[in-house]
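Hi everyone, thanks for coming. Let's take a look at today's structure together.

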Amino acid sequence: MLTTGTISSLESSSRSLSGQYSTFDVAGFYFGIDVLQVQEVLRYQRMTPVPLAPAVIEGLINLRGQIVTAMDMRQRLGLPPRADGETAMNVVVRTEEGVVSLLVDEIGDVVEAESSSFERPPENLDPAIRNLVRGIHKLKDRLLLVLDTDQTLKLDTGNGQSLN
Amino acid sequence: MEDQEIVKEFLIESNDNLSRLEQEMVELERRPRDTELLASVFRTFHTIKGTCGFLGYGKLERVAHQAENVLSQLRSGSQTFTSGLASLVLEAVDVLRRHLRAIEAGGQEAAEDSADLCRRLEEASRGSACTLSEAASPAEVEASAQKVSGGVADSAIRVDVHLLDKLMNLVGELVLTRNQILQFSAQQEGAALSATSQRLNLITSELQEGVMKTRMQPIGVVWNKLPRLVRDVATACGKQIALELEGADTEMDKTIIEAIKDPLTHIVRNCGDHGIERTEVRLGRGKPAQGRISLRAFHEGGQVIIEIGDDGGGVDTEKVKAKAVLNGLIRPDQAERLGEREALNLLFLPGFSTAEKVTNVSGRGVGMDVVRTNIEKIGGTVDLSSRFGEGTTVKLKIPLTLAIIPGLVVTLGDCRGEAPNGKKGKGGQHFVIPQVSLVELVRLEGEAALRSIERIRNTAVYRLRGNLLPVVYLREVLGLEGLAVDSDTINIAVLQAEDRQFGLVVEGVKDTQEIVVKPLGKHLKGLNCYAGATIMGDGRVALILDVMGIAQKCGEVAGGHERTRVESDMRLENVADTKQTYLLFRAGPFERLAVPLSLVARLEEFPLSHVERAANHLVVQYRGQILPLVPLAQILEPGSADTAGSQDPVQAIVFSDGDRRIGLLVDQLLDIVDDAVSVRQVSGRKGLLGSAVIGKLVTDMLDLDAVICSASGVWNQEEAEVPEGATVMLAEGSTFSRGILRASLEMAGYRVVEASTAAEALTQLARVKVNVVVTALDLPGGGGYEFLEKMRKDPSLAGVPVLALAASAGDTSQRAAQPGAFQDYLIRGDRDAMLRSIHRLASVLNSQSAAPEPTVEKG
């Protein structure tokens, strides 16, 4: 189990050295996910909160009859919550364990990045963020953090984010 | 052939098989060495033969049997495949088809007698040169094969179950979309839209029903196997058993049928092996020699109920307890406290079997726990009831289908003024309670509502028709902040979880809906409060509550004090003393009295005006009977002021024993606590067992037996059927224990002779004629065994049965060491079992000898 997980993440990390990224903003950070993993991007959806669920789980949304768990990226990254009145956008990603929606602040463009611009995340990056990031693409105008979706969706490990 | 369904299935299957058979035979002619193909052909004939035999089609069976013989020769290699043989076999196929067609048309086999064909097949199988009948040239075989058309075989097709599953899912989606459209069109003007959506509504409902039906199978599919099973069990155990099946056409979802197949088989096997007694035993008990196992299936309230009953020996709860103690599943002190129902529940513990010996049929201790697990997995429940000596009934409640269930929509918070952004904590939220778990809804309004839920310590309770119903607030269970919106009304959903009921307070009740159950994502799987989620008519997601999960959770919250928490109780092996639940109350000068809650039948309030006086006693009309009321304080301390009886309303604790009831009037109910109690200081006062520390305060323990005994003048008595003059000798060292036993025995109508030592007992026995002796194993002056020996030396006491009274079930393990020493073993404190065995023995004695002198002696 562990072995296959490592292998698949190695594969996907080598895959994500270059290619197209679907990008979004979370509290000023500029993130990207391999575009092939993204099923769709949606505006704010009405959410049903799930009492007793881990804090990062914002609720459930109805995606055309399918019930999708929505995870708040600010919470997940240990960042302050959105101001009142600001609504989140949904980045719906397909994973091996089903479809999950990531709640982000703003949706960006799809950008293309060369493998030459890729670099491992710096050691001194906030561990809460570092643990969920595969690496960084140095784009012309800003830095693109490549999100490790496997790690992001794994709630029992990682950066000490409280689950309750 | 009463069962058309089975025949129809047989026809479809056989026609399919025959078509395949023809192909395979033709194939076989080309590749005669293909053993796999040959085996397949052989199997097909074998299957047809088996089914024909089962359904009683003798001609079909004969032909299939002969063809099978030929094939088996081929298979074993003692004959080689020739086209002559192939033709012969195909000819047999044709004959089979003709019969099948005749059955389909007229319900009977064709009139033709295939003796000729059988003979030729037989010859062929013996190796003689085969002769083809003229009627069966290969060309004609093909022609006749093509003629098979019309009828059942063509009106039915086989469909992959996965396709049906997919259809079911799609229909689920459609139902949701329909619900949304309906809601939308209700807000819009326009006749066209509303007419269309109405039509959509109807079609969707019909489609849903239709698709559900495609997955339905009659339960008879599973039952088919049972007659054989019962027959085998009966033969293996040397018993005579008749099987009765009722409602075999009751339909349920295929997946559920699959799931109940094994549990059902297991239960029936248990009935045959453990339940039904051997013929001699049955005759001895005055039952017909042939035992009866009956299965009944029927629809009730959206569920399928399956009852499996036998008229066997029933479950001996004493034996069950002793066995459970022996297997280390419970401790002896726990066993003593278990009631009848709880003892029956022991049967569902893993590793339990009451069969004295392991047979090849059952008794390996893997069983009822698996049954329960499997049934609960599909959302069903198992209930076992038994009457010792009369039989056992297992009742399964199974949902019809798993995908679409009826549910009650409830709300938390204000759902009318919806917060537009739906942020956490704002606006209302919908939840769904599966209808299966819902017992009833209680709505309380106005002033009364606020006071009706009483909090005793951490436990909220509501008096539901006199019973204390533990109550939890959904808001609290889910850890939500904030208070209920203007709570001038309280809605309690009374829910059933396993054997216990509890009330769930919700803030709004909407309506009942058919909901489509959707699983929750991986991140939420760990939350056992939810069984899944669904999409409501307005497109919002609502969580489906898992009643079992909530019950467990509120067990943590409220200290779970319901009656049948035996299992979890037992798993708490590390807790030094098992806790018991006590009802605390105040009566007159006694500030803090306690009685085990398990003994309490009900708590009642009566308006003072309803209390009447009859023959100088207080009574109240209660459930069509007259309930005597006894002011408790006056029994404990005669002459004290009756403060309890003059309150309005009066508070009564109702105790019942069989048909008899009595209400003790108390001043105030204080609390219900779980505590491990040992009586610390024995009380000299009549009616009190002693004092103990319960809930950190010194509390007087009520001696219920003594209290009821002294109130027995008013005990609502219906003459117990006691053999006249039955006298019981009670040899027991402990005054305390003797007192309790004496009271129970006397209440049951026996005369009691007491003795505190073996010597005293022997002296008493010389003076008084007794019918039964009950002796403690640890009787002072030599112990129970020595006492028994001495008794046995006296010829005049030879016929007197002696029962042993053990402190714990562990002591009874000595039984094996000294077989036959005592008539029966009883565990101290289990009054019912003791009364039963004394009763049994005494009546046997009485029928043999004249009634003894009625004498009561005190020790």
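Let me begin with a question: where is the place of A:Leu52? A:Leu52 sits in the loop between β3 (38-42) and β4 (57-63) of chain A. Strands here are DSSP runs of E with at least two residues, helices are runs of H or I with at least four, and both are numbered from the N terminus. Before I go on, a word on the source: this is a predicted model, where local features need pLDDT of at least 70, side-chain atom pairs count only at pLDDT 80 or more, and totals for chains, interfaces and linings use all residues. Residues are numbered from 1 along each chain as its sequence is written, and chains are lettered from A and ligands numbered from 1 in the order in which they are written.

Back to A:Leu52. Its phi is near 75°, a positive value in a residue other than glycine. A:Leu52 has 17 other C-beta atoms within 10 Å and is partly exposed. For that term, C-beta atoms are placed from the backbone: 20 or more others within 10 Å means buried, 12 or fewer exposed, and anything in between partly exposed.

A:Ala27 is another non-glycine residue with a positive phi, about 45°. You'll find A:Ala27 in the loop between β1 (19-26) and β2 (29-34) of chain A. A:Ala27 counts as partly exposed, with 13 C-beta neighbours inside 10 Å.

Now chain A as a whole. It has 4 helices and 11 strands, and 35% of its 164 residues are buried. Of the contacts in chain A with a separation of 6 or more, 57% join residues 24 or more positions apart. A contact means that two C-beta atoms, placed from the backbone, lie within 7 Å.

How does chain B meet chain A? In chain B, 23 residues are in contact with 21 residues of chain A. On the chain B side, α8 (161-187), β17 (530-535) and β18 (541-545) each supply at least two residues. The largest share, 3 residues, comes from β18(B). By class, that side has 11 nonpolar, 7 polar and 5 charged residues. Here Ala, Val, Leu, Ile, Met, Phe, Trp, Tyr, Cys and Pro are nonpolar, Asp, Glu, Lys and Arg are charged, and the others, Gly among them, are polar.

Let's stay with α8(B) and turn to helix packing. The axes of α8(B) and helix α9 (residues 191-214) of chain B come within 9 Å and cross at roughly 155°. Axes are lines fitted to C-alpha atoms, for helices over the stretch in contact, and angles run from 0 to 180 degrees between N-to-C directions. The two helices are therefore roughly antiparallel, a label for angles over 145 degrees, with under 35 being roughly parallel, 65 to 115 roughly perpendicular and the rest oblique. Among the residues that meet are B:Leu164 and B:Val171 in α8(B), and B:Leu200 and B:Val211 in α9(B). This contact divides into 12 nonpolar, 7 polar and 1 charged residues.

A second pair in chain B is helix α12 (residues 254-275) and helix α17 (residues 368-377), packed at an angle of about 150° with axes 9 Å apart. That makes α12(B) roughly antiparallel to α17(B). Residues including B:Ala259 and B:Ile267 in α12(B) meet B:Val371, B:Asn374 and B:Ile375 in α17(B).
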